[in-house]
Amino acid sequence: MNDVFELTYRTLIALLVMFILTKMLGKRQLSEISLFGYISGISIGNIAAYIAMEDDKLWSLGIIALIIWVGITMLLEYWTLKSKKTRSVVDGNRRTLIANGIVLKDALHKERYTVEELLQRLRNKDVYKLSDVESASIEANGDISVFLKQDFNPLTPNMLGMTIEPEKEPITLIVDGSMDLETMRSNGISEVWLKKQLDTVNLKYEDVFIAQYTIDQSLSLFTLDKRAIEVNLQSEQLAEQTKLEDIKRGLLQTIAYLEQQAKKKQG
């Protein structure tokens, strides 16, 4: 049992140290990593495994090694931010694989890329014909960037001379039958308003798995009984606007009538 407790204790320490040091490295390390980032990740993982699994009493030195390795990584990250030459050495440079619609065989060989791998990467970008590609490059992190020929670029509203309103990010109001009150408050949405919208489709918030709200447009509801319901808020706003206009018209008519009566009395 002592061995089990020792292993658990050391593993928890290794995880805690890894968590703290990874937070220090920043989110860049969590994205698609560079060559050095790949090496760094493997090395840090190996050191952490040593801390957890080795039987000798020198495991505490593993923590020191872990801190040193992360310190070196952070130092290199700092240098890469300051120096383009260091960035080129540590992270590598982008290499063009296709230029002016022509596949560059030498560039493929230098990157140890086969034609099949190139075609697979293009398919991952929803490109299935080489003849549609104007240029393609492999980035420092190994990702492929593709630029299509003009004839094969997706049609956009700008190309058609159309102006569209900026799209607003949906706000998630309900998750698994619970209202996200903090999100609602930060976006000026009240519980009363949300319950009113749910009442229009005969639902309670406890019945909703996910609810997403696009400001002044729609409320999308996904229920726990596997239904998808769209509440159109524009029609509701139109009805409210019509009601306000009717009230305004009625008030104007009343004012005009009172003015006529007042003129008659004066006459």
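Which residue in β8 is the bridge partner of Q212? That partner is S220, and the sections below show the strands around this pair.

## About the model

This is a predicted model, in which local features need pLDDT of at least 70, side-chain atom pairs count only at pLDDT 80 or more, and totals for chains, interfaces and linings use all residues. Residues are numbered from 1 along each chain as its sequence is written, and side-chain values use heavy atoms, with hydrogens and water left out.

## Strands side by side

Helices (H or I, at least four residues) and strands (E, at least two) are DSSP runs, numbered from the N terminus. Two strands pair if DSSP finds at least two bridges between them. Let's begin with β7 (residues 208–214). Strand β7 pairs with β8 in the antiparallel sense over six bridges. With strand β5 (residues 171–175), β7 pairs over four bridges, again antiparallel. Here T172 stands opposite Q212 of β7.

Strand β8 (residues 218–223) is also joined to β9 by five bridges, and these two run antiparallel. Look for L219, whose bridge partner in β9 is V231. The hairpin of β8 and β9 has four residues between the strands, and K226 there takes a positive phi near 65°.

## Two faces of β9

Buried means under 20% relative accessible area, exposed over 50%, and partly exposed in between (1.4 Å probe, protein chains only). Along strand β9 (residues 228–232), the side chains alternate.

## The sides of helix α8

Now turn to helix α8 (residues 191–199), where L194, Q197 and L198 are buried. They cover an arc of only 100° around the axis, which puts them on the same side of α8; the arc is that of the directions from the helix axis to the C-beta atoms. On the face turned away from this buried side, you will find the exposed residues V192 and D199.

## One aromatic pair

Rings of Phe, Tyr and Trp (its six-membered ring) pair if their centres lie within 6.5 Å; planes under 30 degrees apart count as stacked, over 60 as edge-to-face and the rest as tilted. A search of the whole structure finds one such aromatic pair. The rings of W193 and Y213 have centres 5.0 Å apart and planes at 55°, so the pair is tilted. W193 lies in helix α8 and Y213 in strand β7, so the pair ties together parts that are 20 residues apart in sequence.
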